[in-house]
Amino acid sequence: MGDVLKYELNPNFTRETVTLLAGTSYPVGAVLGRITVSGKYKLSTSSGSDGAQTAAAVLLYATDATAADQKAIVIVRGPAIVSRAALVFDASVDDTAKTAAKHAQLTALGIIPRDPA
């Protein structure tokens, strides 16, 4: 977690426990989107219409959800600073413009991606 989260004002405010959608092992620093219908989270995609195309959280601990949905701790709001280099994106976020869009979506939540100082 220390490689991703560099600052947060108050963990009781910035963090939530969420359900990760089954089917993959999620690495620490995964940028997640929230599926509108189920409320579950998965890797935030660069397109789609299920709600997960908008970045909504950053995963703080690696979680294996390959066999079943799993609970996980994420940061969902700021003020917080995360390491830009430690963020992990879905394979569809495959160019600079798409990465910048995810950074902007996180920034709108108060989760600021920054390069290490």
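Modeller: Arg 15 forms a salt bridge with Glu 8, and their closest N and O atoms are 2.5 Å apart. The term salt bridge stands for a side-chain nitrogen of Lys or Arg within 4 Å of a carboxyl oxygen of Asp or Glu. The model is predicted, so local features need pLDDT of at least 70 and side-chain atom pairs count only at pLDDT 80 or more, whereas totals for chains, interfaces and linings use all residues. Residues are numbered from 1 along each chain as its sequence is written, and side-chain values use heavy atoms, with hydrogens and water left out.

Glu 8 counts as buried because its relative accessibility is 13%; buried means under 20% relative accessible area, exposed over 50%, and partly exposed in between, with a 1.4 Å probe and protein chains only. By the salt-bridge rule, the count comes to six.

Another of these joins the side chains of Arg 77 and Glu 16, at 3.0 Å from N to O. Arg 77 lies in the loop between β8 and β9 and Glu 16 in strand β2, so this pair ties together parts that are 61 residues apart in sequence. Strands here are DSSP runs of E with at least two residues, and helices are runs of H or I with at least four, numbered from the N terminus. Arg 77 is partly exposed because its relative accessibility is 26%, and Glu 16 is partly exposed at 35%.

A further salt bridge connects Lys 40 with Asp 69, whose closest N and O atoms are 2.4 Å apart. Lys 40 lies in the loop between β4 (31-34) and β5, and Asp 69 in the loop between β7 (63-65) and β8, so the pair ties together parts that are 29 residues apart in sequence. Lys 40 counts as partly exposed, at 25% relative accessibility, as does Asp 69, with a relative accessible area of 29%.

Strand β5 also holds Lys 42, which is partly exposed at 23% relative accessibility. The side chain of Lys 42 makes a polar contact of 2.9 Å with that of Asp 50. A polar contact is a pair of N or O atoms within 3.5 Å; within protein, one must be able to donate a hydrogen and the other to accept it, and residues adjacent in sequence count only if both atoms are side-chain atoms. Leaving aside residues up to four places away in sequence, Lys 42 touches several others, among them Tyr 26, Leu 32 and Ala 52; contact means heavy atoms within 4.5 Å.

The largest nonpolar core has 14 residues, of which Leu 20, Tyr 26, Leu 32, Tyr 41, Ala 57, Leu 59 and Val 74 touch the most other members. Such a core is a set of buried Ala, Val, Leu, Ile, Met, Phe, Trp, Tyr and Cys residues joined through side-chain atoms within 4.5 Å. At least two residues of this core come from each of β2 (15-20), β5 (41-43), β6 (55-59) and β8 (70-75). The strand that gives the most is β6, with three residues. Apart from this core lies another, of 13 residues, including Val 31, Ala 55, Val 58 and Leu 60.

Finally, the loop between β8 and β9 contains Pro 79. The peptide bond from Gly 78 to Pro 79 is cis, with omega near 15°. In general, most peptide bonds are trans.
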